Amino acid sequence: MNITEPGINEYIKNILPKDDDILSEMEDYASRNGFPIIGPLVGPFLRQLARITNAEKIFEMGSGYGYSAYWFAGGMKEGGKIICTEGSDDNARRGMEYLKRGKYDSMVDFHVGDALEIIERFDGPFDIILNDINKEDYPRAFDLAIMRLRPGGVFITDNVLWSGRVLDENPDAATAAILEFNKKLFNSDGIISSIIPIRDGLGMAVKI
Ligand code: DHB
Ligand code: MG
């Protein structure tokens, strides 16, 4: 199931400027390899968030090869820091190469391993935490992230509508975890939450 009309997505993609060759290369790599990047519909929104929150410290749970970090970095001021986490060493290395070519490498640290373990090594507080890890781990990611946000900080989660599978009558394990996550998103104290139905659904919580 499409969350939004494909023609509308195409329309938005086509009016976006294609002025960054490195982003275009990263998008080409995703289409050639079937890699699920957040894509050009979500990227500009992340960049806006970085600027709106005046982000100095961002933590990414699940960075892939740096596509979302690249968008965030462009919205941060000099001296901003992004901590990236990724299970695959190859993806992390590829990500650092793209970020270096974009002159963002001094802003980014890549940690290879389990994002849930890595985030425990950091107290924060962070201005933004992005969650895009294995869907089964979403409920556990929620608590670990929210406690590390500053007041006014934003927790943003990819795939909360999961191509419409949140409507399934017999949800599989990944879908069930997303459903549990979405309940936490809207039933936890100390945050203001919404779901933004762009691409595959972005969950957003602002810490009070
Ligand atoms: C898929 C999409 C994602 O954005 C992701 O993080 C993981 C998987 C998918 O479509 O399978
Ligand atoms: Mg995703």
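Me: Which residue forms a salt bridge with Asp 90?
Reply: Arg 93 does, in this predicted model. The closest N and O atoms are 3.2 Å apart.

Me: Where do Asp 90 and Arg 93 lie?
Reply: Both sit in helix H5, residues 89–101. They are 3 residues apart, about one turn of the helix.

Me: Is Asp 90 buried or exposed?
Reply: Exposed, because its relative accessibility is 54%. Arg 93 is at 48%, so that one counts as partly exposed.

Me: Which residues are linked with them in a network?
Reply: The salt-bridge network links Asp 89, Asp 90 and Arg 93.

Me: How many salt bridges in the whole structure?
Reply: The search finds 9. One of them joins Arg 199 and Asp 158, at 2.6 Å between the closest N and O atoms.

Me: Where do Arg 199 and Asp 158 lie?
Reply: Arg 199 is in the loop between strands S6 and S7, and Asp 158 in the loop between S5 and H8. So the pair ties together parts 41 residues apart in sequence.

Me: Switching to the metal. What coordinates the magnesium ion (ligand 2)?
Reply: Asp 132, Asp 158 and Asn 159, at 2.0 to 2.8 Å.

Me: Why is the arrangement irregular?
Reply: Because the angles subtended by the 6 donor atoms run from 51 to 167°. Octahedral would need opposite donors over 155 degrees apart and all others between 65 and 115.

Me: Is Asp 158 buried or exposed?
Reply: Buried, because its relative accessible area is 1%. Asp 132 counts as buried too, at 18%.

Methods
Residues numbered from 1 in each chain as written. Chains lettered and ligands numbered in written order. Predicted model: local features only at pLDDT ≥ 70, side-chain atom pairs only at ≥ 80, totals over all residues. Heavy atoms only, no water. Donors = N, O, S within 2.8 Å, 3.2 Å for Na, K, Ca; no water. Tetrahedral: all angles 85-135°; square planar, octahedral: opposite > 155°, others 65-115°. Buried < 20%, exposed > 50% of the residue type's maximum accessible area, 1.4 Å probe, protein only. Salt bridge = Lys/Arg side-chain N within 4 Å of Asp/Glu carboxyl O. Helix = DSSP H or I, 4+ residues; strand = E, 2+ residues; numbered from the N terminus.
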